[in-house]
Structure formats: C-alpha cells, structure tokens
Amino acid sequence: MQTILPSQSPLARADATLRSGARFLAAGLQAGGVTGARPAPITGRFRTKVLGNGLRELDRFLNVLVDEVAVAGGSRPAPTERNTANKLRALLPLFDQPEGEHARLRALGRARDCLFYCGGMVTRGDVTGSRWLTVGWSDALDRTGPLRRFSVGAPLVITGEDVADICGFYLSIAARLAGGRREEPVGILLAA
C-alpha cells in the first residue's frame, strides 16, 4: 500500500488515493494480495451495496484526480460539472490526449447505481424505453470485446474478475493522466 505523505502535492495525493483504492477494491477489499491470484470475491448480505459503493468511491477518486490534473496544467476545473466522464472528456483535449473512456465511464455509472440503489436488479435500461442496461465491463475472456448488456428485470452479475478489470481501467486512466506512466496489470497490482 502506498503511503501518502503530507508534503506530496495535491496531484500526487489524488493519484495515490485512486491507485490505492483501485488496488484495494481489485483485491476484494483485502489489503495486499497474491501475485497472479484470482481476485477475492466480495460476498455477504450487502454485496451489491458494497460493490456499488466501491465503484462510487473509485469514480470520486478519479473526479478529484481530473480536477488536480486540470489545476496542475493551468486550467480551472468546472465547478458546476460533477460528472466524472464529462469532466474527463473536457480535460483530455486540453492535453492533446485522445478521448475514449466516456462511454465506458457512463456505463459504469449506470451499473454502480443499479448495484447501490436497486440491489443489483436491472430496473431500467440505458435510456428511457431501452430494454438493455450496458455495463462497464466485457464478457470476453481477454476483456477486449463489447461492453456487456443485461436485460431489464434481470440481476446484474458482477464477478471478482469484472471488478479487477474495472479497477485496471481506472488505473489505466490514472496512468494516462500522470503523463503516460505505465501501470502493471491488476494481477501484479494485487501483490503491491
């Protein structure tokens, strides 16, 4: 676990917080982990609420990091914009970075709301009248396929591997925002 020192800049603290939070959630809410081990499942009576809250925290950590990157780059964060996906989409062109995370971050927002507020039951689709909820992870073994969709009325199923993939996604955004610093795959992260 990375120690956050008071002498670190707000940008360094925001980066360290996001990275620590992502590692902790990827490890199934366990400190540390075993290299190459499968992520621990998050279980229990309030599983969906815990998962939804964990995803909300990651989004909030990213939101703060986006603000700190903007400030460090000489821009002012938009005080009225609270949506992380929209903030990131506005920030990336200022640093000549390609966009690309917006749709997945929006899908993750819908999934975390479903987990947190609806106990993991899909009660509405992506837009009014839609029969499908798109979530922020893929079904494909290599995680490169299209984002998974659940039909309205079905339970939203999320595995430990899905959570680790989501955490890896947040870490990849943090790496881009930190100037392209390469981040290790989540399997290696769990040991850090």
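## A glycine inside strand S1

Gly 136 touches Arg 104, Ala 107, Leu 108, Leu 147 and Ile 166, leaving aside residues up to four places away in sequence. Touching here means contact, that is, heavy atoms within 4.5 Å. Gly 136 belongs to strand S1 (residues 132-138). Helices (H or I, at least four residues) and strands (E, at least two) are DSSP runs, numbered from the N terminus.

Is Gly 136 buried or exposed? Gly 136 is buried, because its relative accessible area is 0%. Buried means under 20% relative accessible area, exposed means over 50%, and partly exposed lies in between (1.4 Å probe, protein chains only). Gly 136 also sits 7.8 Å from Arg 106, C-alpha to C-alpha, though 30 residues separate the two in sequence.

## The model and its numbering

This is a predicted model: local features need pLDDT of at least 70, side-chain atom pairs count only at pLDDT 80 or more, and totals for chains, interfaces and linings use all residues. Residues are numbered from 1 along each chain as its sequence is written, and side-chain values use heavy atoms, with hydrogens and water left out.

## The whole chain

The chain has six helices and two strands. Which order do the elements follow from the N terminus on? They run α-α-α-α-β-β-α-α.

Of the 192 residues in the chain, 41% are buried. The chain exposes about 10300 Å². Carbon and sulfur atoms supply 55% of that area. Accessible areas come from the Shrake-Rupley method with a 1.4 Å probe; for residues, only the protein chains shown count as cover. Now take the contacts in the chain with a separation of 6 or more: 58% of them join residues 24 or more positions apart.

## Helices H2 and H5

Two packed helices are described by the angle between their axes and the distance between the axes. Helix H2 (residues 47-72) and helix H5 (residues 160-177) pack at an angle of about 5°. Their axes are 11 Å apart. That makes H2 roughly parallel to H5. Axes are lines fitted to C-alpha atoms, for helices over the stretch in contact, and angles run from 0 to 180 degrees between N-to-C directions. Angles under 35 degrees count as roughly parallel, over 145 as roughly antiparallel, 65 to 115 as roughly perpendicular, and the rest as oblique.

Which residues make the contact? From H2 come Leu 51, Leu 55, Leu 58, Asp 59, Leu 62, Leu 65, Val 66 and Val 69. From H5 come Val 163, Ile 166, Cys 167, Tyr 170, Ile 173, Ala 174 and Leu 177.

## The enclosed helix H3

Six of the eight residues of helix H3 (residues 84-91) are buried, so H3 is largely enclosed by the rest of the structure. The buried residues are Thr 84, Ala 85, Asn 86, Lys 87, Leu 88 and Leu 91. What covers them? The cover includes H2, helix H4 (102-117) and H5.

Lys 87 is one of the residues in H3. Lys 87 counts as buried because its relative accessibility is 10%. Not counting residues up to four places away in sequence, Lys 87 touches Asn 63, Val 66, Asp 67, Ala 78 and Glu 81.

## Salt bridges between helices

How many salt bridges does a search of the whole structure find? It finds six. A salt bridge is a side-chain nitrogen of Lys or Arg within 4 Å of a carboxyl oxygen of Asp or Glu. One of them joins Arg 112 to Asp 59, with the closest N and O atoms 3.5 Å apart. This pair links distant parts of the chain: Arg 112 is in H4, Asp 59 is in H2, and they are 53 residues apart. Arg 112 and Asp 59 are both buried.

Lys 87 and Asp 67 also meet through their side chains, at 2.8 Å from N to O. Lys 87 lies in H3 and Asp 67 in H2, 20 residues apart. Both are buried. Asp 165 and Arg 104 form another salt bridge, at 2.7 Å from N to O. Asp 165 lies in H5 and Arg 104 in H4, so the pair ties together parts that are 61 residues apart in sequence. Asp 165 counts as buried at 17% relative accessibility. Arg 104 counts as buried at 17% too.

Phe 24, Leu 29, Phe 46 and Val 50 make a nonpolar surface patch of about 330 Å². Patches are made of residues with over 30% relative accessible area and no salt bridge: like charges are joined within 9 Å, nonpolar side chains (Val, Leu, Ile, Met, Phe, Trp, Tyr) within 5 Å. Phe 24 lies in helix H1 (residues 10-26). Phe 24 is partly exposed, because its relative accessible area is 35%.
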